[in-house]
Structures are given as structure tokens and as C-alpha cells.
Amino acid sequence: MTITAADTNDGALSTAEKTDTSTLPWRPFRVTVARLQRLSPSFLRITFTGDDLDQFGYDGPDQRIKLYIPRLGQGLPDFSFTDWYTQYRNFDPATRGFVRTYTIRAVRPERRELDVDFVMHGHPAPTAPVSTEAACPAATWATDASPGDEVVLIGPNRVCPGDSGGHEWNPPAGARDIVLAGDETAVPAIAGILESLCDDGLNGSTPNGTAPEHGVLPSADARIRVFLEIPEPADALDLQAPDNVEITWLPRRRDDGTSAPNGEPLVSAVTAVTFDAPQSSADDASMVDTVDIDLEVLWEVAAGATSSVYVWVAGEAGAVKAIRRHLVRERGIDKGAVTFMGYWRLGRALD
Ligand SMILES: Cc1cc2nc3c(=O)[nH]c(=O)nc-3n(C[C@H](O)[C@H](O)[C@H](O)COP(=O)(O)OP(=O)(O)OC[C@H]3O[C@@H](n4cnc5c(N)ncnc54)[C@H](O)[C@@H]3O)c2cc1C
């Protein structure tokens, strides 16, 4: 079944409002699950295929996308409108699907394939099919997915001139002391960033083979420290990275079988980092103190830094906020040198 605007109570867009999506920066792609690969207890790689995935643009190694996941028994909408999000919002909330954000782990336009690594939160070892009506629709859908299942992916459009956006890795020229930190949801983005730095990897080009429009490659003598919090030791993946990268995996699961609270290992590790360059005096913390992380996304992108330090942090909002406050307020790191993305919130569903 296809949901159209006319099927909804209030989403009646006329045919005239439909537009050719061929040059829009972001566009919908109808995709099908081609195969699944369990990477570790908590990570599941889903490879999608779609007739027009050769048109998927990819401007940065931490490229994000939106996934539209239908409810059980519902079909996919025809998102062929100018503003897919307005269309989505106009669908009947009782029947419309769920929109969640994910990272592209790899894309192979020539094969019309794309990989997304899903964290199986809430479902470490599923033994029976679960319902998409459950509390975590995206993780539940992934747990239950099988080849042939369909979703709509909204992502950058290859034929749009220029950068379509949706990526934040952007170290300034002169960055010599780089810290990348995240929880399991940021592992796909950080894995992509590290791969893009490898001589035998993407070598600084974007995955569709073009030169990046923003950002510069850190010099080979830059020190790059990576901190990754994961549910358990077996979730430490084999990441491709150049020699100047030091990776520290931070499993929450302890030897005695108990687990540290979400965010605790990451906050402890990053707040213990020392930086070579002396930092300026502590900056104001106006933004971090005013954002209500239970209602809003904490998202602050580095811009205009002259510092040799560059920090990229992503994950659960409480942990990201604590790290941001420590680095900017207590350590005096130039806030123009830090990118903070506190995009999911423990105990809250945010679309
Ligand atoms: C830019 C960006 C890139 C992202 N990339 C990825 C990615 O590549 N892979 C990936 O798996 N996730 C990624 N995420 C995170 C993902 O969007 C969230 O985890 C999302 O909430 C999952 O949706 P859901 O429907 O499963 O759960 P929701 O319905 O959103 O949440 C339901 C409940 O589950 C909890 N919850 C959500 N995520 C987690 C988690 N990871 N661990 C424990 N509890 C959780 C919530 O607190 C809530 O209580 C990314 C998010 C952003 C903004």
C-alpha cells in the first residue's frame, strides 16, 4: 500500500504542489533491505539497495540521513514533494510511520548499495520477532528486518550542485590535537571519519569520489585520539585508521557483569584528556546552560577556530553536555573548536 496525501486526514497536497526532486539538496530514496550482517552483539549492518541509489550524494564521512519506518501493516508514502518533512508532519499521527536519524557507514553508488550500522539498543539478543509498534521503532525494525523489507531514506542528492549538508566533521587548518568521542551511536560516523584519513581508504575524498568541499585533512603529524563508549567489550570493532590515531574503547559492561551508567565511561575518559596547547581563558557557557536536553537537541558546530585543538563529540545528550561544559568552561577550550551533538536522550524518543 502507498500512503498518499489524500489518504491522510490533513495532508492534502495537490498534484501541482508535487515537484521534481531531481535538483533538491535532499531527496527521498525508496530502498529495500538486501542483506544483514551482525557485526557484534550490539551492531547490525543493514545493506540497502535501491534503483536510484546511484543518485545518492555523499559530502562527508559522517553523513547523516533520515529513515522513514512504516508502522506494521502500513505501506510507504510517496515522498515526491518539495518538503518531505512538511508532508510527513501532515500525515495522520495515528497511522504515519517513524522518522529517525542514522549515519551512512558506506555507500557504493555503482552497485546502488548503501550500509547503515544500527545499534540494537533494547534488543541485545532477540529470540523472537518483535513489533515495530514497540518503544524503539528504529531499533525494533532493524532487529526484525529481513531481505526485501522496504523503508524510505531521505538523504543528499548527488545531482544537486554543491554540498547538500548533513555532515559535521570539519577540522580547521592547523588542527594538530584532535579528539573524537562518542557512544555506540557515533561509532559508524567515527569509523567513516577514520577510514577517510587512511592512505588506502578514501584518502580524503568523499565516498562518491569527489573532493570534500569543506574541511581539510589533518596533517599526518596531528595527534588524533578517539574515545568510543560501547555496551560491551565484544562491540569493539576492527576500525581502519592511520598510524597517528589512538583508539580507546570504553565498554560499559564490567568484568563482574555489571554495567556503568550510559555516558559515564565517555565523560570520565574525555574529561581526563590533556591538551598540549595552552588554552585561552574559560569561555561563557551560555548555550550549554540554556538548552533543555530533554526537549531540544544539543547541537553546536565548530566554526572559526584558530586553535590547534579540534574536538568532535556525539551521542547521548547528558554525556555530551557534561563533556561540553567541562572542555569549554573548565578547560577554556575555544568553543569555535568544538562540535557537540547531543542527539539522543536517555529515556526520551526524539525524532
Ligand atoms: C546525526 C545522527 C546520527 C546517528 N547515527 C546513528 C547510527 O549510525 N546508528 C545508530 O544506531 N544510531 C544512530 N543515531 C542515533 C539514533 O537516531 C537514536 O538512537 C534513535 O533514538 C533510535 O531510534 P529508535 O526508534 O530505536 O528509538 P527512539 O524511539 O528514538 O527511543 C526510544 C527509547 O530508546 C532510547 N534509546 C534511543 N537510542 C538508544 C541507544 N542507542 N541506546 C539506548 N537507548 C536508546 C531512548 O532514550 C528512548 O527511551 C544517530 C543520531 C543522529 C542525530
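Residues 24 or more positions apart account for 74% of the contacts in the protein with a separation of 6 or more, where a contact means two C-beta atoms, placed from the backbone, within 7 Å. This is a predicted model: local features need pLDDT of at least 70, side-chain atom pairs count only at pLDDT 80 or more, and totals for chains, interfaces and linings use all residues. Residues are numbered from 1 along each chain as its sequence is written.

**The overall picture**

- The protein's secondary structure comes to six helices and 15 strands; these are DSSP runs, numbered from the N terminus, with helices being H or I of at least four residues and strands E of at least two.

**Around the ligand**

- There are 26 residues around the ligand, and Val119, His121, Ala138, Tyr343 and Ala349 come nearest; to be near, a residue needs its C-beta atom, placed from the backbone, within 6 Å of the molecule.
- Two or more residues of this shell come from each of strand 6 (98-103), strand 8 (113-119), helix 2 (137-144) and strand 15 (338-344).
- Strand 6 gives the most, with five residues.
- By type, the shell divides into 15 nonpolar, five polar and six charged residues; here Ala, Val, Leu, Ile, Met, Phe, Trp, Tyr, Cys and Pro are nonpolar, Asp, Glu, Lys and Arg are charged, and the others, Gly among them, are polar.
- Both domain 1 (19-156) and domain 2 (177-344) put at least three residues into the shell, with the domain bounds coming from an automatic or database domain assignment.

**Strand 8 and its partners**

- Strand 8 is largely enclosed by the rest of the structure, because five of its seven residues are buried.
- Strand 3 (residues 43-49) runs antiparallel to strand 8, and seven bridges join them; two strands pair if DSSP finds at least two bridges between them.
- Within that pairing, Thr49 has Glu113 of strand 8 as its bridge partner.
- Strand 7 (residues 106-108) is also antiparallel to strand 8, with three bridges, and Val107 stands opposite Leu114.
- The hairpin of strand 7 and strand 8 has four residues between the strands, and Arg112 takes a positive phi there, near 55 degrees.

- An open sheet with mixed pairing is built from six strands in the order 12-11-10-14-15-13.
- Strand 12 (245-251) and strand 13 (298-300) are the edges, each pairing on one side only.
- From one strand to the next, the twist averages 10 degrees.
- Helix 3 (residues 187-196) packs on the sheet, touching strand 10 (177-182), strand 11 (223-230), strand 12 and strand 14 (309-316); its direction makes about 150 degrees with that of strand 10, using axes fitted as lines to C-alpha atoms (for helices, over the stretch in contact) and angles from 0 to 180 degrees between N-to-C directions.
- Strand 13 and strand 15 run antiparallel and share three bridges, with Leu298 partnered by Gly342 of strand 15.

- Strand 10 pairs in the parallel sense with strand 11 over six bridges, and Asp177 has Arg223 as its bridge partner in strand 11.
- Strand 10 is parallel to strand 14 too, again with six bridges; Val179 partners Val311, while Ile178 stands opposite Tyr310.
- Strand 14 is mostly covered, with eight of its eight residues buried.
- Strand 14 and strand 15 run parallel, joined by six bridges, and the bridge partner of Val311 in strand 15 is Val338.

**Two helices**

- Helix 4 (residues 264-271) has Pro265, Leu266, Val267 and Val270 buried; their cover includes strand 10, strand 11, strand 12, strand 14 and helix 6 (317-330).
- Gln87 sits in helix 1 (residues 84-90) and counts as buried because 24 C-beta neighbours lie inside 10 Å.
- C-alpha to C-alpha, Gln87 is 9.5 Å from Pro77, a residue 10 positions away in sequence.

Key: A residue is buried if 20 or more other C-beta atoms lie within 10 Å of its own, exposed if 12 or fewer, and partly exposed in between; C-beta atoms are placed from the backbone.
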